[in-house]
Amino acid sequence: MARIYRVGIYLRLSRDDGREESQSIQTQREMLTDYALRHGWHVVDEYVDDGYSGTDFNRPGFERLISDVELGRLDIVLTKDLSRLGRSYVQMGEYIENYFPEHNVRYIAVNDGYDSDKLDGADMVAIKNVLNEMYARDTSRKIRSVLNMKARNGEPRNTVFPIFGFNYTESYERVPDAETGPIVQMIYRKFVELGSGGKVARYLTENKIKTPRYYNAVKFNYNKAKVLSMPEEKHYTWSAGMVRDIIIREEYLGVYKTAQTSSINFKKKKRYKNKDCYVFENRYPALIDRETWDLAQKILKSSRGSSIDLSENAFKGVICCADCGRTMRIEKRNNHKKGIFDYRYYCNKTDCEHSNSISKRMLETIVVKELMALKEIILKNEEKFLEFASQFDSKGRVLVTDVEKELDRLKARCEEIDVFIEKLFEQKVLGSLPLSTFNTMMSKYKREKEALENEIGVLTRKDNEEKGKPANQLKAIELVKLFKEYDETNIIQPYIIQKLIRKIILRTSYINDSMKNREIDIKIQYYSCDEIIKGFMTYEEN
Ligand SMILES: [Zn+2]
């Protein structure tokens with residue numbers, strides 16, 4: 001008579017498996033029972049751990065399995081694959097290689113093709129590979145979770161040297177460096193002024209400003225011997241790339257970034273998730289203010305692919321074609337007759353039907369005229385303008401409160417209706433309400449609720465828009481200050497134009513097809529004060 005084998009099947013579903021059907025307890029159960037039956041074995045018990053992680057061997061189902069093994073109740077243990085048994089390499093290896101054999105239990109991981117009774121050399125290699133892989137995964141998971149916790153909390157890391165411009169405190173907190181911090185500030189200032197990394201690099205080299213590599217060697221002993229053995233001029237030889245590396249760093253805003261190694265979403269204030277790192281705002285003293293930094297990024301972005309310098313190209317990225325909406329290009333034009341050259345902005349897009357263009361000189365004349373007209377109105381009515389801007393603020397605020405009040409009212413009514421509907425159902429169930437009354441009341445409430453929800457949606461959107469309103473008055477004060485400082489002789493400077501104007505939309509049309517009779521139409525959108533300026537102009541006209 002054939003021996004009857006007593007089988008225990010072990011089923012585990014962990015939270016990190018997700019809820020995939022292929023892993024579900026039911027799927028595992030069917031598969032393993034089927035396997036046992038096909039071999040003529042007898043399933044004496046099943047041991048289930050639902051929702052327990054494989055890294056933990058203190059699982060009720062698993063504990064019961066082990067105690068049954070100890071009691072000699074099982075001949076065979078079945079799992080779907082090795083990882084069902086557990087995900088910790090050390091303990092798994094212990095069970096597979098020592099514990100089960102010692103207790104005369106045959107262990108089979110069906111999907112991995114592992115069977116302790118049928119092990120030959122090749123199988124041993126296979127199992128080792130699986131275990132090694134699990135070991136690696138296990139270890140890296142542990143290291144990762146420690147690193148990740150530090151990253152999530154924004155804990156400072158111990159690196160060889162801090163970001164240029166900063167120094168470390170004893171606890172590796174970042175603080176501005178008295179020597180290199182001012183260099184970073186100068187680099188931003190010069191970049192905004194000169195508009196190109198190459199020019200800044202030349203400036204730094206000419207003024208013998210030492211490079212980050214030099215300071216890292218001297219201050220932090222990084223490659224010290226090598227760096228100090230170089231010819232002295234190498235210590236202040238800058239490249240455009242080195243300048244660019246400094247310009248793109250968000251860290252100069254006081255932002256702290258830590259690598260993100262998991263995809264867990266943590267919702268904590270002042271921290272947002274980036275593609276591959278955690279970002280903490282205002283974590284350190286800033287070296288560069290936000291406005292300057294943003295401007296530098298804008299210049300950096302627009303400087304690609306143009307050989308003409310920003311100092312010659314104040315309207316870079318600002319002047320747009322009215323027909324296709326894209327920014328115009330600048331080109332140099334020689335006027336051989338007059339022996340001079342000038343620049344011209346033009347739309348170079350081949351799919352643009354019109355050929356809007358304007359000479360730089362003409363554009364400057366028009367923009368100066370516009371700005372000076374604006375300056376005159378604003379400075380003449382300075383008090384009124386500032387008051388208008390502050391009203392602009394409060395108008396916005398009143399609106400927000402009103403919207404919010406209305407939203408609260410609508411939401412309260414919605415909740416009320418829910419209660420009514422519930423009561424209707426109750427009464428219907430109790431039989432105290434005629435069906436016709438129930439139906440009429442129900443459809444009335446449903447209609448009202450639908451309308452309410454619709455309105456709540458609209459108002460919520462409006463509320464969100466209004467909330468974004470920044471302090472307009474401050475912007476107005478800054479604009480007044482700027483106008484007091486600059487006049488028609490000095491207002492056309494890249495820094496001022498880029499700061500003041502978001503967009504200039506240009507349309508040129510020929511009257512009677514004559515090249516000489518050109519109509520030039522320009523619309524200016526101001527950077528931060530656009531709405532206030534336009535509102536004030538209409539207000540003044542009336
Ligand atoms: Zn165009």
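Reader: Which residue in S16 is the bridge partner of Ile501?
Author: Tyr526 is the partner. Keep in mind that this is a predicted model.

Reader: How many bridges link S15 and S16, and in which sense do they pair?
Author: There are 9 bridges, and the pairing is antiparallel. S15 covers residues 501-510.

Reader: What sheet do they sit in, and what is the strand order?
Author: An open sheet of 3 strands, ordered S11-S15-S16. Its pairing is mixed.

Reader: Which strands stand at the edges?
Author: S11 (319-321) and S16 (518-526) do. Each has a single partner strand, so one side of each lacks a neighbour in the sheet.

Reader: How many degrees are neighbouring strands turned against each other?
Author: On average 30 degrees, with direction ignored.

Reader: Switching to H1. How many residues, and what does it span?
Author: H1 runs over residues 25-38, which is 14 residues. From first C-alpha to last it reaches 20 Å, close to the 20 Å expected at 1.5 Å a residue.

Reader: Which of its residues are buried?
Author: Gln28, Leu32 and Ala36. They lie on the same side of H1, because they cover an arc of only 55 degrees around the axis.

Reader: And which are exposed on the other side?
Author: Gln26, Glu30, Asp34, Leu37 and Arg38.

Reader: What covers the buried residues of H1?
Author: The cover includes three strands: S1 (6-13), S2 (42-50) and S3 (76-79).

Reader: What follows H1?
Author: Gly40 follows H1, with a positive phi near 75 degrees.

Reader: On to packing. Which residues of the largest nonpolar core touch the most other members?
Author: Ile9, Tyr10, Leu65, Ile76, Val77, Leu78 and Ile108, out of 23 residues in that core.

Reader: Which elements give two or more residues to it?
Author: The strands are S1, S3 and S4 (106-109). The helices are H1, H2 (60-70), H3 (82-85) and H4 (89-102).

Reader: Which gives the most?
Author: S1, with 4 residues.

Reader: Back to Leu65. What is it in contact with, leaving aside neighbours within four places in sequence?
Author: Gly8, Tyr10, Tyr47 and Val77. Tyr10 and Val77 are also among the core residues that touch the most other members.

Reader: How many residues are in the second, separate core, and which does it include?
Author: That core has 21 residues. Tyr188, Val192, Leu204 and Ile247 are among them.

Reader: What tends to happen to nonpolar side chains in soluble globular proteins?
Author: They tend to be buried together.

Key. Residues numbered from 1 in each chain as written. Predicted model: local features only at pLDDT ≥ 70, side-chain atom pairs only at ≥ 80, totals over all residues. Expected span 1.5 Å × (residues − 1). Buried ≥ 20, exposed ≤ 12 C-beta atoms within 10 Å, placed from the backbone. Arc of directions from axis to C-beta. Contact = placed C-beta atoms within 7 Å. Core = buried A, V, L, I, M, F, W, Y, C linked by C-beta atoms within 7 Å. Pairing = 2+ DSSP bridges. Axes fitted to C-alpha atoms, helices over the stretch in contact; angles between N-to-C directions.
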